[in-house]
Amino acid sequence: MNEKIVINSNKQSNILKVITNYMDSEKIDYIVETDILELSNDIKTVICIDDGNTNFNNLLKNKNISLIVISDSKRIINTNLKVNYIITNLINDETKYTDVQSEYLLKKGIYYILLQKLNELLENENDYNGMIYDLTALKTIPDNWIFTFDSITNTYSWLSKKNKMLPNDFTLKIVNFYNNKVYDDSLREINYLTEKLSSIKEGKYLIDIFVCNKEELELFKKNYFFKLLIKNICPNYKLYLVNKDNLLVKDRDICMKLLDGIIIYNDCVYRDTYGNEFSLGYVDCNEGTLKEYNKYFDYILNQYCLEIKVESDLNGFSR
C-alpha cells in the first residue's frame, strides 16, 4: 500500500486515536483532515469517521477515490464511488483510557477487530464495493485488561519502551525472584541493565526488592546485573532484600502473588511468568490490579525488607 490515505474526522476521538496509532505502527502514510474540499492525485482512499454531522458532498465530487465510512448506523451513500462500511458503537466511545490501555486496544478486543476489518478494506484484495461490517453487537469494553507477548524479544522491547516513557517524578517499583532464565548475563539482559542504569543516572526513581533465600543470594552476588546495581545505589535508587523462606512461612499468599516477579508502573502491572517458554510475562492494565500490587509492595517493604546501601550490607541477610 504505497498511496497516501486521508482520514476525515470532525473532532478528536478515541477511534481516531486508535486508527492513527495503528497507521503509525504499520508505517502507513496518512493525513488527518477535518474538511476536504479538494484531494490531490496521490489520494486514492479516504477513511471517513462519521459522527452523524459529516458532509459527504465534497467527498463525492472526487470520482477516483474509494471511501471507507465508519459510523454508528447504516448510513448508505448513493454514489458511483466505491464505498465500504464499518458500523460500530465505538464512534461514541468517550472513555478516558490510560496509555497502556490504549496500547491494549490495538492488541485485543473490539478495537482490534475494528482494525482488522479496516485493514481488510484498505487492502481490498477482493474488490469489495458496498461491503458492510456491523460490529454493533460486540462488547465495547473488554472483560479484562491483560495482554501477553509473542516472544521474549517482544517482552524486552515492550519493557524498554515502557521504562523510557515514565514520568521523571514517578517511582518504579520492582520485585525480583531469581531464575537462571533471566539472570544469565546474556546480551539482552546486559542491554536491559544498561537502560536501567541510564535511568538511575538520569535521576529517575526506582526501588528494587530481591526476594531470595541464602543459596539464591549467592547466585545473585555472582551476577553482573546484580553487582552493578549495588554499585549504583544512590538517593533515587533503593535496593532491598527479602528472605523468601521467611515470607513463604508468614505470608505465603502474598509471596505467591508476587511470583515470578512484578514491575509496578503508573498505569499497569507487568508480571513475570518464567514458566512460559514463549515470553517472560504479561501486562495487566486493570485499575484494581494496580492498587492491589501497590498495596502488596508497600506491605513487604515495611514488614520484611533489609535495605542494602553498600555491598557489605549483604552480610546482614537473614539466614
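Tutor: Let us begin with a term: a salt bridge is a side-chain nitrogen of Lys or Arg within 4 Å of a carboxyl oxygen of Asp or Glu. The general idea is that side chains of opposite charge can pair when their charged atoms come close. In the structure above, which is a predicted model, the count by this rule comes to 10 salt bridges.

Student: Where does Asp50 lie, and where does Arg75, if the two side chains meet in a salt bridge?

Tutor: Asp50 and Arg75 meet with N to O at 2.9 Å. Asp50 belongs to the loop between β3 and α2 (57-60), and Arg75 to the loop between β4 and β5, so the pair ties together parts that are 25 residues apart in sequence. Asp50 is buried, at a relative accessible area of 1%, whereas Arg75 is partly exposed at 32%.

Student: What is the strand order in the open sheet of 8 strands?

Tutor: The order is β7-β13-β12-β11-β8-β9-β10-β14, and the pairing is mixed. β7 (146-148) and β14 (306-308) stand at the edges with a single partner strand each, so one side of each is left without a neighbour in the sheet. Neighbouring strands of this sheet are turned by 20° against each other on average, direction ignored. Within the sheet, β11 (residues 261-264) and β12 (residues 269-272) run antiparallel and are joined by 3 bridges, and Ile262 stands opposite Arg271.

Student: Which helices lie across strands β9 and β10?

Tutor: Helix α6 (residues 187-201) lies across β8, β9, β10 and β11, at about 130° to β9. Helix α8 (residues 224-231) lies across β9 and β10, running at about 125° to β10.

Student: How many aromatic pairs does a search of the whole structure find, and how is one of them arranged?

Tutor: The search finds 16 aromatic pairs. For Phe147 and Phe149, the ring centres are 5.8 Å apart and the planes stand at 75°, so the pair is edge-to-face; planes over 60 degrees apart count as such. Phe147 also pairs edge-to-face with Trp158, at 6.1 Å centre to centre and 75° between the planes. This second pair links distant parts of the chain, with Phe147 in strand β7 and Trp158 in helix α5 (residues 152-165), 11 residues apart. The relative accessibility is 2% for Phe147, 8% for Phe149 and 6% for Trp158, and each of these residues is buried.

Student: Is Lys162 buried or exposed, and what does its side chain meet in a salt bridge?

Tutor: Lys162 is buried, with a relative accessible area of 7%, and its side chain meets that of Asp267 at 2.8 Å, N to O. Lys162 lies in helix α5 and Asp267 in the loop between β11 and β12, 105 residues apart. Asp267 is likewise buried, at 9%. Lys162 also lies over the face of Tyr265, at 5.8 Å from the ring centre.

Definitions and conventions:
Residues are numbered from 1 along each chain as its sequence is written. This is a predicted model: local features need pLDDT of at least 70, side-chain atom pairs count only at pLDDT 80 or more; totals for chains, interfaces and linings use all residues. Side-chain values use heavy atoms; hydrogens and water are left out. Two strands pair if DSSP finds at least two bridges between them. Helices (H or I, at least four residues) and strands (E, at least two) are DSSP runs, numbered from the N terminus. Axes are lines fitted to C-alpha atoms, for helices over the stretch in contact, and angles run from 0 to 180 degrees between N-to-C directions. Contact means heavy atoms within 4.5 Å. Rings of Phe, Tyr and Trp (its six-membered ring) pair if their centres lie within 6.5 Å; planes under 30 degrees apart count as stacked, over 60 as edge-to-face and the rest as tilted. Buried means under 20% relative accessible area, exposed over 50%, partly exposed in between (1.4 Å probe, protein chains only). A charge sits over a ring if NZ of Lys or CZ of Arg is within 6 Å of the ring centre and within 35 degrees of the ring normal.
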